[in-house]
Amino acid sequence: MLKILKYSFFDLMRSRWAYIYTAFFLLFTLSLFWLSGGLSKVIISLMNVILVLAPLIATMFGVMYYYNSREFSELLLSQPIRRTHIFLGQYLGLALSLSASLLLGVGLPFALYGIFGSPEIWNFMMLLVVGIFLSFIFSAIAFFIALRNENRIKGFGLAILVWLFFAVIYDGIFLLALSLFSDYPLENLAIGASMFNPIDLSRVLILLKLDISALMGYTGAVIQKFLGAAPGMVVSLAVLSAWVLLPALGIRRLAARKDF
Amino acid sequence: MITIDNLHKSFGKLQVLSGVSLDFGRPGIYAILGPNGSGKTTLIKSILGMSIPDKGQIRFQGEDIRGRWDYRRQIDYLPQIARFPDNLRVSELLDMIQDIRGEKPQALGRLIEMFGLQPFLDKRLGNLSGGTRQKVNLVQAFMYDSPVLILDEPTSGLDPVALIRLKALLLEEKAKGKLLLATTHIMNFVEEMADEVVFLLEGRIHFRGSVDSLKREYRENNLERAIARILQGEQGFSANGHSQEAARMARSYEL
């Protein structure tokens with residue numbers, strides 16, 4: 001598995017898209033610094049971009065990478081190696097290369113503007129951790145969808161729909177439910193609902209760390225009130241890990257029984 | 001070496017293989033023929049463990065291959081479509097395969113020379129032409145000395161020089177006592193190379209035997225025509241579905 005991972009990672013890191021993705025974060029973060037200056041302000045602005053963009057790019061890369069390497073996967077399948085190791089290796093190579101792009105693109109400007117030795121370092125770390133989690137989660141979901149669907153267009157459409165659902169539609173439904181049932185106590189529902197959306201959960205996690213109640217929103221406030229900041233973070237991180245594990249297990253299951 | 005017993009496979013409603021039994025016991029070159037969609041590739045993929053049969057059993061050197069992967073160490077495979085990761089170099093791809101198999105290839109240097117790939121070793125695979133990629137494909141398939149070679153459309157996209165070298169290579173491997181299975185649509189290639197022909201039609205084995213016996217059975221001097229005869233026979237007698245029987249009956253009637 002590590003061998004497949006290594007070569008997938010090298011292949012992907014040299015692709016044009018990886019360069020573009022890294023360059024985008026580099027330029028965007030630099031221009032944020034140039035415009036606003038303060039480390040904490042940049043972290044908050046960047047948070048909103050990472051929460052939407054990291055899942056989108058991971059979704060698109062995941063589907064594209066699977067379909068593009070289909071023929072090569074067949075060659076790998078003919079080699080003396082377990083089927084599950086091939087696809088888990090490819091997935092991990094993809095998720096790691098996305099994370100590396102994010103780390104480089106965002107990390108370099110922050111290092112330049114003196115994040116090391118600043119009290120903001122832990123908030124910045126949380127931002128990176130969340131970005132990496134989202135890359136792992138959404139590339140796993142995309143890879144799983146691509147494995148399930150032979151038809152490229154169907155696979156691509158479905159994956160984008162999943163992203164759209166978590167990034168946009170979910171919040172809409174959630175707000176609608178809140179306003180419809182505003183007479184009832186909704187705290188538990190709110191906590192539960194945010195656990196089922198990795199993007200919401202990531203937002204709550206960063207805001208808990210930043211401790212900005214004005215931006216925390218309903219779920220953030222509820223989680224802080226009921227669980228407190230530190231246990232809330234531990235629970236959120238655990239649930240995010242489950243969000244990585246679940247689709248990864250799905251990839252493993254499909255890889256073991258699929259016909260190629 | 002490979003025994004296939006009553007193999008069934010369907011994709012959804014489409015029945016691709018319905019009861020294929022084959023035995024590749026002796027070494028030699030076997031050509032697997034049949035029109036598009038007759039189940040050639042599915043048969044090959046089943047042997048390699050890429051497709052999982054619905055029913056039936058495949059044994060490699062006496063052992064059931066279901067759920068196993070280590071037997072593939074003894075098979076070399078040439079995929080039909082030569083597509084590799086675009087951003088890896090040729091040399092890196094070859095390294096990767098060696099890395100996965102965990103053994104040194106026996107014939108790598110010679111093959112690179114034979115197909116003139118020396119100048120391309122540092123090039124990225126995405127920048128190579130289709131023919132050059134097929135040569136890389138051939139090198140990766142032939143670089144180990146495994147007892148079984150499975151080739152899916154080996155001639156596609158090759159220039160005449162490379163084709164001659166490929167044929168020489170196949171004869172060389174056969175002389176070493178290997179088992180070679182090849183699917184192809186090129187009848188010249190079959191007539192020249194194959195010791196035995198397996199003709200698949202609608203997921204069943206329609207004919208198995210030497211090229212000469214196929215010609216004799218269908219009373220044609222030309223392999224292409226003999227094949228056409230089988231296909232036309234199938235259309236004419238599709239009610240009972242066994243044109244071979246039908247052809248035999250027709251012949252005895254004439255006599």
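Which residue stands opposite Val197(B) in strand 10 of chain B? Gly209(B) does. A word on conventions: this is a predicted model, where local features need pLDDT of at least 70, side-chain atom pairs count only at pLDDT 80 or more, and totals for chains, interfaces and linings use all residues. Residues are numbered from 1 along each chain as its sequence is written, while chains are lettered from A and ligands numbered from 1 in the order in which they are written.

Back to chain B. Strand 9 (residues 196-201) and strand 10 run antiparallel, joined by 5 bridges. Strands here are DSSP runs of E, at least two residues; helices are runs of H or I, at least four; both are numbered from the N terminus. Strands pair if DSSP finds at least two bridges between them.

These strands belong to an open sheet of 6, order 6-7-8-3-9-10, with mixed pairing. Strand 6 (75-78) and strand 10 (204-209) each have a single partner strand, so one side of each is left without a neighbour in the sheet.

Chain B also has an open sheet of 4 strands, order 2-1-4-5, with antiparallel pairing. Its edges are strand 2 (14-24) and strand 5 (63-64). Strand 1 (residues 2-11) pairs with strand 4 (residues 55-60) over 5 bridges. There, Thr3(B) stands opposite Arg59(B).

Now chain A. Helix 6 (residues 121-148) packs against helix 7 (residues 152-180) at about 150°, axes 9 Å apart. Axes are lines fitted to C-alpha atoms over the stretch in contact, and angles run from 0 to 180 degrees between N-to-C directions. Contact means C-beta atoms, placed from the backbone, within 7 Å. Phe138(A) of helix 6 and Trp163(A) of helix 7 are among the contact residues.

Conventions:
Contact = placed C-beta atoms within 7 Å.
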